[in-house]
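Here is a short note for a colleague who has not seen this structure before. The points below go from the whole chain to single residues.

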Amino acid sequence: GHDRYDYLPGQFQFITFHCEAPEVPVEEHHWTISSTPTRKGFVTSTIKASGDFTAQVSKIRPGDTAEVVAPYGRFSYVLHPTEEDLVMIAGGIGITPIMAMLRHMHDTEADREVGLLYANQTPQDIVFRQELDEVASSGKPRLSVVHVLNRPDESWDGPSGYIDAELIAEHARQLEGKAFYVCAPPKMTEMVTGALLRLGVPATRIHSERFAL
């Protein structure tokens, strides 16, 4: 019965579900908001079933109640308006805050150059693949997407392995003046951040959001 709260693209929320299903415990969890505030009337989180709690999320039904405490976090490109040339690096479900920012840029017709390096295990693990293609083809923002697979099949002709300094330098091209947004599991975030620093990217132009499964 309340108006939707306002938030920045890339922030997160705490949610406690009160469900009929006994398998869903009454405990607080935080998830990134994957929607954009430019689209009114709803808030979404995109949740990967990868742990004891998230494996039960499918048992939540319309009509169940939830306590929502939000928004939190400063992982948002709108807090850095002077950064116009962006490279976003995501691992797995770490795409969610980046997807929120890309949706926001698309809806506001942001005049920005954005490169996305997105790491997954297999092609089937790529979340939002079709929507990313649609945003890229729209030209708003000027988005280029590079998928990197750790376990590609025989038909894969893109980059494979890990997102390291060599791959970043190849696809980001000119590093000077760019700002980097990294969201991935802790080990990948540390590896990518270290690679960026070795490439000479100032720490003030590296923004990261860490998550653990």
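1. How many positive and negative side chains does the protein chain have, and how far apart do the centres of the two sets lie? There are 19 positive and 29 negative side chains in the protein chain. The centres of the two sets lie 3 Å apart. This is a predicted model, which should be kept in mind throughout.

2. The protein chain contains 4 helices and 8 strands. Read from the N terminus, the order is β-β-β-β-α-β-α-β-α-β-α-β. The radius of gyration is 18 Å, close to the 17 Å that the globule rule gives for 213 residues, so the protein chain is as compact as a globular protein of that length. Along the principal axes, its C-alpha atoms fill a box of roughly 55 × 40 × 30 Å.

3. Burial and surface come next. Of the 213 residues, 45% count as buried. The protein chain exposes about 11300 Å², and carbon and sulfur atoms supply 49% of that area. Among contacts with a separation of 6 or more, 71% are between residues 24 or more positions apart.

4. Helix α2 spans residues 129-138, and its buried residues are Glu131, Leu132 and Val135. Seen down the axis of α2, these fall within an arc of 100°, so they line one face of the helix. Gln130 and Ser137, on the other side of α2, are exposed. The packing partners of the buried residues are α1 (95-107), β5 and β6.

5. Helix α3 covers residues 165-172; Ala165, Leu167, Ile168 and Ala172 are its buried residues. Their arc around the axis is only 165°, which puts them on the same side of α3. Exposed on the other side of α3 are Glu166 and Glu170. The cover over the buried residues of α3 includes the strands β4 (85-91), β5 (113-120), β6 (142-149) and β7 (179-184), along with helix α4 (186-198). Just after α3, arginine 173 has a positive phi of about 55°.

6. Is serine 76 buried or exposed? Serine 76 sits in the loop between β3 (65-72) and β4. With a relative accessible area of 0%, serine 76 is buried, because buried means under 20%. Not counting residues up to four places away in sequence, serine 76 touches Leu8, Pro9, Met101 and Tyr181.

7. Tyrosine 77 is also placed in the loop between β3 and β4. Tyrosine 77 counts as buried, at 3% relative accessibility. Which residues is tyrosine 77 in contact with, leaving aside its neighbours within four places in sequence? They are Pro9, Leu86, Met101, His104, Met105, Thr108, Arg112 and Tyr181. Pro9, Met101 and Tyr181 are also among the residues that serine 76 touches.

8. The C-alpha atoms of tyrosine 77 and isoleucine 126 are separated by 23 Å. Along the chain, these two residues are 49 residues apart.

Methods: Residues are numbered from 1 along each chain as its sequence is written. This is a predicted model: local features need pLDDT of at least 70, side-chain atom pairs count only at pLDDT 80 or more; totals for chains, interfaces and linings use all residues. Side-chain values use heavy atoms; hydrogens and water are left out. Helices (H or I, at least four residues) and strands (E, at least two) are DSSP runs, numbered from the N terminus. The radius of gyration is taken over C-alpha atoms; the globule rule is 2.2 Å times the number of residues to the power 0.38. Buried means under 20% relative accessible area, exposed over 50%, partly exposed in between (1.4 Å probe, protein chains only). Contact means heavy atoms within 4.5 Å. Accessible areas come from the Shrake-Rupley method with a 1.4 Å probe; for residues, only the protein chains shown count as cover. Lys and Arg count as positive and Asp and Glu as negative; His and the chain ends are not counted. The place of a charge is taken as NZ of Lys, CZ of Arg, CG of Asp or CD of Glu. The arc is that of the directions from the helix axis to the C-beta atoms.
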